[in-house]
Structure formats: C-alpha cells, structure tokens
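Here's a quick walk through a two-part question: what sits inside this structure, and what packs against what? Have a look at the model first.

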Amino acid sequence: MLVLAPAVVLAACLGLVALIVGTKVLRTRRERRRAALLAPYRIDLLAVSAGEDDAGAHRARLAGADGASRPALDDAMTHLLAKVRGTPADHLAEVLHAHGAIDRAITDLHHPSAVRRARAAQLLGLCGAHQAVARLGEALQDQAPDVRTSAAHALGLVGDPAVAPRLLAAVGSSHRPIPAGPAADALEGMGVGISRALRDALEHPSPTVRTVAAQVSGDGAFTRSTPRLRELLATDPDLTVRETAAGALAHLGRREDVEVLARHTAADQPTPLRRTCTEALGRLGEPSAVPHLEPLLDDPDPRLAELAATALLCLGEPGRRALGDRGGAAADTARTLARLRAGEPIQSVGAGRAGDAAGPGDSGDAGHARAASRADHGSRA
Amino acid sequence: MVALPDGARVLVADDDADIRDLVEFKLTQAGYAVQAVGDGLSAWEAFEADQPALVVLDVMMPGLSGIDVLRKIRESGAPDVPVLLLSAKSRDSDVDTGFAVGATDYVVKPFSPRELLHRVNAILARTR
C-alpha cells in the first residue's frame, strides 16, 4: 500500500496536467475555428455595430450567412448587442431575428439546461423582444435562480411597464424569489408607466417588495409616492424599509422633508436610521438642514458625526460656514473625503479646513447598492 | 454642421477588443487617423510618444486605469488635450469623478457609436 501511494499520486498529477493541457488545446482550437468562421464577415459585423449600414448591404450579407458560420455570428452579435445601443443594436437584433435566433431563444426558455434558459432570456432582453414578455414573465418563477435573475434583467431591457406588478410580486415570492437588486434595476428601465405598480408595492406585505418600491420611487423621481414614503420612514416595522424610504426622500428632494428626515436623526432613533437620515439631509441639498446637522457634529457616534460633517459640505456656503474651522476627526475626515471625491490623488490629501473642500460628490449611489444588498439579505425589525 | 478636422489623430484605449475595433472602425470611416491600444500603460506610452488631438479612454482597464491615465495626461506638459471617457461605470459618482479628474466628456456603455462620433467631432471643432 505504501509503495503504491506515490505511484497513485504521480498518476493523478499527470492526469491533471494532461487534462489542463488538453482543455487549453481544445479551447485554442475552438477559438481559432471561431475566428476563421467570423473572418469573412468581420467588416460586415463592424459596419453594422458601428451604425455604418444604412443601406442594409452588410446586414443582408450577415443574414445570408449559413452553415457553421451562423452560430459563431449569432454568438458574436449577441456579445456586441450588450455593448452598443440605438440603431446598431436594432440592426444586430434584426439579423438575429433573420437567423431565427429569437424564436429559438423563446423555445429555449423551456430548455432542460438552466444555462441555455438563462442565455435565452439574456438574448431576448438584448434584442428587446416584446413578443417574449409573457414567456419572460413566466421565467421569473423558474426553478433556477440564475434564470429568474436573467429573466428579470431581460424584462428591464425590453422595458414593458405592464410587467412591473409581476416583477415586484416575484421579489416577494417566498417560494422562488428574485433578488432585489436586479429587480430594482429592471424596474428603473421601464419608465413612468410603473408609477401605479410602485405605489401598490409600497403597501405590499413583504418588506423586500416595499424596499424595492421605495428605492425605485426615489431613483426614478416618482413624486406621487412621497406621502407613502414619509409614512414608511416614520412607522414601517422593518428598518431596511425605513432607511430606503429616507434615501428615496432625499432623491425626491422637497424642502418640507428636511423636518421629516431631521426628526429621525434624534438620539432615540435606531443608529442605522439616524446615519441614513443624516446622509439624506446632505443629499437633499436644502440649507435649512444646517441647524439640524450642526448638533450632530458632537454626537457620540463618530460615524454619525462624520456623516453630519459631510452633509454640511453638501449644503454650500451655509454648510461650510457651520463646519467652519472646526477640528476633530469627524470634520477632518469629511474634508478629506470631499477632496478625494473631487479627484485629488490620495498622496496629496491630508487634513484640511472647510475652505479646501469644493464639495463632495454624490454619496447616494452607495446607498442604492447598500439598500438592495440589505433587502437581499433579509429584513430587520 | 460641424466641420471635421480631417486626419486628426485620435488615441483609443480599451481592453475590450470588440469596443476597440468598433470605435477604431467608426472614427476611421469618419476620416480620423486612429491608434488603438488595449491597456492603460500602452495608452500612456502612446500619448507620450506622439500626442494625439483627442483621447478616448475606457475607465476600467488592467494596470493603469483610464482615470490614472487621464490624471497623468492632466499633470503632463499637455494638459489641454481633450479626453473622452467611455465607461460602463454609470453611477453619478463615477461621472463626477471622471469630470473632477479632468475629462472633457463622459459616455456610458452601452453606447451609440454615432453619438460618440458626434461628440468627438464637437470636441475637436471647439478646440481648433
């Protein structure tokens, strides 16, 4: 047994090396073959994807490709579709349609392979296939999470607002949910037609659905959601929903919301909510927030104090005056962050005074990712 | 109608070969002399060797990022060369950073090649 062991290990290592080399050789051959198949159509692909095919001659050549070239071309066009928009994207979709790729993708939504189903959904989204909306809606309940996410993304690309209620319901599904982040991204691609669906979703029993609806209401400036967002901030049992509502109110930007947000920076509020509302006061951009932010500079929570200092720098001259030449970690950190966001190299950034800071960039996009991520990880009471 | 600066040199840097080929094709068809490279270091070296009239930079590249290259260009002896950032990073904060470091324009991917050409034409027409 002891004599055999080294031989077995050696054989396993040699087998592994052979597998790696063999895989690499096969991959290289496949790539060379693919390049050879695409070579005669390279100029046609470039012309169509660059929007240099108004007369349609290059599209006609691509549409007429057959045999082994066609799958390689379909693959290349799908990759290009993800990189361009406008007329070139429409033309690439036209050729894919001529190749029957869209019909095959609709059929593939029921393929036994989850990878094929996900790729089919992706292609249908990239092609803006309105005829596939119903099937993509069904795919939101696919057993494979990647397929559900791909279907959500595709529905966002197609942009049909009629499917918004179904998308929101899928977020709240206990059996086969879709992640909040992709759902929010998809909804944001659907335009103003989702306003009613969002307002309904702000009443949904699922906190994840309410979070997504609040997030999208803010990002899309759906102002008719504002009264409900104020209620959610004040009374929702889920802290993530309250924080997201605060972030949304900052985006929707009404002066009267200064008091609404400031109320929730009080010491009796949960710390994460206090921090979010403090940040939101800065993003709201109303100088009337300055008296509410100043006392927070001395808060025992150092992160809150830093957020208050950063928020003051967002409020123009009144905010900078309130921060003044105040020292301390919070003020210094806020000024440093402002300079980094303004693009100064990190080596040259040091502790400075209020006059050095041109004003920080938008910190709200970090909130988007955080809210969606928190929603995906479940709710907190 | 914007007058095209015929034959003006444009440096294009993107690690995505499809994007690089596509932008080179589009600008060449429009009459520009295009040099296309696949990473930030090559972009900086190309810029130093022969300053172009305009630079199109992808932001996320291996090694030197587009932002790093832009910063080097602005700190160089030719700070006024227009630089258009072409990036999949679309958040407000990303756009803010690009302009704060000195970008002349910022185009988000997926992009319209025609719109990109119009922006290049307009930038170069203003800088003549």
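Predicted model: local features only at pLDDT ≥ 70, side-chain atom pairs only at ≥ 80, totals over all residues.

Chain A has 22 helices and zero strands. Of its 381 residues, 45% count as buried. If you take the contacts in chain A between residues at least 6 apart in sequence, 65% of them join residues at least 24 apart.

Now for the greasy part. The largest nonpolar core has 137 residues. Among the residues with the most contacts inside this core are A:Ala121, A:Leu167 and A:Ala183 from chain A, and B:Leu57 from chain B. Helix α19 of chain A (residues 302-313) gives the most to the core, eight residues in total. Domain 1 (91-158) and domain 2 (253-374) of chain A each supply at least three residues. Zooming in on A:Leu167, and skipping neighbours within four places in sequence, you'll find A:Leu140, A:Ala152, A:Leu155, A:Ala183, A:Ala186 and A:Leu187 in contact with this leucine.

Next, a helix pair in chain A.

| Feature of the α11(A)/α13(A) pair | Value |
|---|---|
| Packing angle | about 40 degrees |
| Distance between axes | 10 Å |
| Crossing | right-handed |

On the α11(A) side, the residues that meet α13(A) are A:Ala180, A:Ala183, A:Ala184, A:Leu187 and A:Glu188. Their partners in α13(A) include A:Thr208, A:Val212 and A:Val216.

A:Gly218 also belongs to helix α13 of chain A (residues 207-219). Is A:Gly218 buried or exposed? A:Gly218 is buried, because 28 other C-beta atoms lie within 10 Å, and 20 or more is enough to count. Apart from neighbours within four places in sequence, A:Gly218 is in contact with A:Gly247, A:Ala248, A:His251 and A:Leu252.

Finally, over to chain B and its helix α2 (residues 40-49), where B:Gly40, B:Ala43, B:Trp44 and B:Phe47 are buried. Why do these buried residues line one face of α2(B)? Viewed down the helix axis, they fall within an arc of 95 degrees, so they share one face of α2(B). As background, an α-helix has 3.6 residues a turn, so residues three or four places apart point the same way. The buried residues of α2(B) pack against β1 (9-13), β2 (33-37), β3 (54-58) and α3 (66-75) of chain B. On the face turned away from the buried side, α2(B) carries the exposed residues B:Glu45 and B:Ala49.

Methods. Residues numbered from 1 in each chain as written. Chains lettered and ligands numbered in written order. Buried ≥ 20, exposed ≤ 12 C-beta atoms within 10 Å, placed from the backbone. Helix = DSSP H or I, 4+ residues; strand = E, 2+ residues; numbered from the N terminus. Arc of directions from axis to C-beta. Contact = placed C-beta atoms within 7 Å. Core = buried A, V, L, I, M, F, W, Y, C linked by C-beta atoms within 7 Å. Domains from an automatic or database assignment. Axes fitted to C-alpha atoms, helices over the stretch in contact; angles between N-to-C directions. Left-handed = near helix turned anticlockwise from the far one by under 90°.
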